[in-house]
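Hi,

Here is the model I promised to pass on. Have a look at it first, and my notes follow below.

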Protein chains: 2
Amino acid sequence: MSIYDQDLGRGPANHVPLSPVSFLHRAARVFPDRAAIVHGKRRITYAEMLTRCRRLASALARAGVGKGDTVAILAPNIPEMLEAHYAVPGLGAVLCPINTRLDAAAIGFILRHSEARVFLLDREYAAAGAAALAGMDAPPPVIDIAAPDTPAGEATDYETFLRGGDPDHPLRLPDDEWQAITLNYTSGTTGNPKGVVLHHRGAYLNAAANALAFGLSPRSVYLWTLPMFHCDGWTYTWAVTLAGGTHVCLRRVEPAPIFAAIAAEGVTHMCGAPVVLTLLIHAPAEARRVFPQTVRIATGGAAPPSAVIAGMEAMGFAVTHLYGLTECYGPATICEWQPALDAMAPADKAGFMARQGVGHPLLEEASVRDPDTLAEMPADGTTMGELMLRSNTVMMGYLKNPEATAAAFRGGLFHTGDLAVLHPDNYIEIKDRAKDIIISGGENISSLEVEEALYRHQAVMEAAVVARPDARWGETPQAFVTLRPDASTTADEIIAWCRGQIAHYKCPRFVTFGPLPKTSTGKIQKFELRARARAEADQNGSVQPSRL
Amino acid sequence: MSIYDQDLGRGPANHVPLSPVSFLHRAARVFPDRAAIVHGKRRITYAEMLTRCRRLASALARAGVGKGDTVAILAPNIPEMLEAHYAVPGLGAVLCPINTRLDAAAIGFILRHSEARVFLLDREYAAAGAAALAGMDAPPPVIDIAAPDTPAGEATDYETFLRGGDPDHPLRLPDDEWQAITLNYTSGTTGNPKGVVLHHRGAYLNAAANALAFGLSPRSVYLWTLPMFHCDGWTYTWAVTLAGGTHVCLRRVEPAPIFAAIAAEGVTHMCGAPVVLTLLIHAPAEARRVFPQTVRIATGGAAPPSAVIAGMEAMGFAVTHLYGLTECYGPATICEWQPALDAMAPADKAGFMARQGVGHPLLEEASVRDPDTLAEMPADGTTMGELMLRSNTVMMGYLKNPEATAAAFRGGLFHTGDLAVLHPDNYIEIKDRAKDIIISGGENISSLEVEEALYRHQAVMEAAVVARPDARWGETPQAFVTLRPDASTTADEIIAWCRGQIAHYKCPRFVTFGPLPKTSTGKIQKFELRARARAEADQNGSVQPSRL
């Protein structure tokens, strides 16, 4: 027994459960009059936000919500969504933000599976919400979030509900920081979505890591172009409040309101999938605004193509590439810039930035390992393995799914399912989802690499590459391409372009033009494209391959 | 039982003890070639720093140091001091950094009380160290830290010791984040110093809060003008590594090397007591350098006077005022600037910045309360109460002193002993000190210890020591002495006597002879003496105390 094992136990003075609820208490105390939330002409100060959250917690408690109960919300990036991220955890309850792109069947599944006690429903999604509720035996009561001056609906109005709550109701910290805070469903490519359970400790730590990695401060103005229903907005719902910054809400992710908010509110930070970046780059002239500040934008979900990075920088944005999953509270790796590389040529910079990078601050471990033996792969930039994580910012598990949880945590590591290499400088680069590898003539082809080449073509707006069954090569890459509105080209020209960019065997031998099928979260549905490629291959039989 | 109470327990994939040891692992992986430590011409990269820390941990383990053992270090701000802050915690052992200004008796007390197993001793302090060890029954083995190319001493040389260690020895995280990491002795109100025990969780969180509050990034270059033996350098020993910044070491806090480092190394951040700021403002012309960057400097221990703030800003510094104590890992409050006040007149700005401010990020609660009933005081700017804290960044307690620990934590709050008011904007301002502590040049001086030295003088009948405001040192001890009827002496003789008894910085610089004001029960009225000292000092401008 050591001298430090005596009389030095924890107590209320020196041990407090980690919870992002604390961030709102501090912001309301330190920055009471500062704009916490801006939405169009609405302005809510931090003092008002705390009072509104207290009222919401009180009203929910009166509606029967208690510790360990689920409160579902279906809403875009509006102030009510932020309020729910504090009021519900402040009751010890669990917030379940639902993807607004889901259909009624999926929404109904989530409401049932999560056993939602109350359903906060934005009026814009009333139809899908009503259809989902209609299929339920015991539907939860609905609170109707309507724009101001909207005619009353059938359900209780959100503002009326709030007014019924006690403005002094406490927002409590959890008894234990290892307590569920939110439930986010992932849109799986097969079967029903899985409910990812996050806890207070992880939310607190990843929010702090975000504030640190993104340089948030009390002067930060954060524009909500990333859906808050995506993993609680990658925990920026809490990170911005920790910093004492301002949340700028936006119902619709469209170029004109984005540029208007950047110019009018002095936005300093925002996040979004690469499609948001593309949207801004191709915005019509009348939607654009000039602004004096540099806006930091973090992107993830796919590596930003070099043309996108260059285009954004030309408009006054500084791009950071993040990688993560719902299972790890959003960002798990960051392509941390190296000051020593400042003098790098722009093309090389973009190549560097396309990598997923290194562990996010406060993440314990991001490693590339053999999926079976879990042995670490050499840092040679070529040996592929599975990206695995170990961190306080990894989920508690999947709700009511111990088998999936156990599989995800096999061997004491979280298995991302993404295949990656580790470069000699310890930067991770994802080569593909396990199922997105194309094996042609015994060679592995990364569909990402082919897509990168396609995106560099000036006529290409969007591209996806999948494996097409091939009699001779086993598989061969097939490209599906959406052209820019004003552009035209041919399959031959696209193939020739690729041959100038990457090894011949990696080039698509088939190019199909047209819109790409997408999931509710905006992800391109590769399984759908694979089905199309298989169907085409079946009809046409084997095709004579081009010369390598 | 809630649906979230099932199958969602913690495991190695999703739960990791919080420890700043993790920061070094990440920095070595992400920034292996970046300068971790610069000291004159020495440059140690993060990869090298990790290897050196592994070797040190290994060598200490071979010397018998294990979990829960104390390793003491007496050294200025040199690379070895930083290395000890990772190697010792990475063994599960506890680092005890000793104030280099202490005399042999105090050093000996600490070595005995902490039961130090190994003593890392910088050659510059060899005499005091040897004297301390000479008084011990079972002195710990000494590791001699000498400048390169210095003749060998009697004790094992640090670099030789390091070379004997295994470069692959693991730096382990603690089994439990509630495990002691460092032991910092603080001058209490009674004679012997108290050993403040800090833990891994608090060190991790306050380092993260520092990085956030001070805006540290991988481009940060931090100059060590604050002693690392002061509460582990307010946890910047770990915060700078978390950010991936560079530590610039400095053996002596003197204007010429400070300006030289700022100019040569591109320093961006530094900390220090107000005496450091004064030192820079009054630096001789030949010591000064012009530099293009703005250097952020955090100060504490006394509120920075407006002339000091203005003088520093004119030289290219931006000043932040912090307040804290060893018991709360350094910074506990920060005078958070309000963007809305940017247009304030300079004199008003200084008045605002003289306040101790609001809770540091990640601090749970800083409140002003009735010392007895613990009731919160109104935010009226006039009602005095005691500043109390509640946070994960409050110490585990005092080593081998359950009574002092219990008193400090009475009612579930940490009692700072400082008397403060709460302004209507929720900013705290310290008005006085409940305990008899004098803070001079950032060092705590126990007035009781000085009084005991005075009482040992044969001519002294009664003595009381209070803080006298001082433009350079913040505060300096002033003695009020009543001589025995038959005795006579001079102020100079009294001061010289004290210098033979206690460390020089603790000795009174002003001595006033005469009867002492007393209460009806015969207690010396210190508040009355403080008023006299303030009045005497007034021509130089009064300074409000604060504690870092």
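**Notes on the model**

A few conventions for that: helices (H or I, at least four residues) and strands (E, at least two) are DSSP runs, numbered from the N terminus. Axes are lines fitted to C-alpha atoms, for helices over the stretch in contact, and angles run from 0 to 180 degrees between N-to-C directions. Two residues are in contact if their C-beta atoms, placed from the backbone, lie within 7 Å.

Before you read on, bear in mind that this is a predicted model, where local features need pLDDT of at least 70 and side-chain atom pairs count only at pLDDT 80 or more, while totals for chains, interfaces and linings use all residues. Residues are numbered from 1 along each chain as its sequence is written, and chains are lettered from A and ligands numbered from 1 in the order in which they are written.

Back to α2(A), which also has a helix partner. The axes of α1(A) and α2(A) come within 8 Å and cross at roughly 140 degrees. That makes the two helices oblique to each other (angles under 35 degrees count as roughly parallel, over 145 as roughly antiparallel, 65 to 115 as roughly perpendicular and the rest as oblique). The crossing of α1(A) and α2(A) is left-handed, meaning the near helix is turned anticlockwise from the far one by less than a right angle (clockwise would be right-handed). From α1(A) come Leu24(A), Ala27(A) and Ala28(A), and from α2(A) come Tyr46(A), Ala47(A), Met49(A), Leu50(A) and Cys53(A). By class that contact has 8 nonpolar, no polar and no charged residues (Ala, Val, Leu, Ile, Met, Phe, Trp, Tyr, Cys and Pro count as nonpolar, Asp, Glu, Lys and Arg as charged, and the others, Gly among them, as polar).

Over in chain B, helix α3 (residues 79-87) lies across β1 (35-39), β2 and β11 (246-248), running at about 145 degrees to β1(B). Another helix pair there is α11 (residues 274-281) and α12 (residues 306-315) of chain B, packed at an angle of about 55 degrees with axes 10 Å apart. Pro274(B), Leu277(B), Thr278(B), Leu280(B) and Ile281(B) in α11(B) meet Val308(B), Gly311(B), Met312(B) and Met315(B) in α12(B), which gives 7 nonpolar, 2 polar and no charged residues.

Finally, how many residues of chain A touch chain B? There are 54, in contact with 54 residues of chain B. On the chain A side, α1 (21-30), α7 (200-213), β16 (358-359) and α14 (402-408) each supply at least two residues, and α1(A) gives the largest share, 4 residues. That side has 27 nonpolar, 15 polar and 12 charged residues.

Cheers
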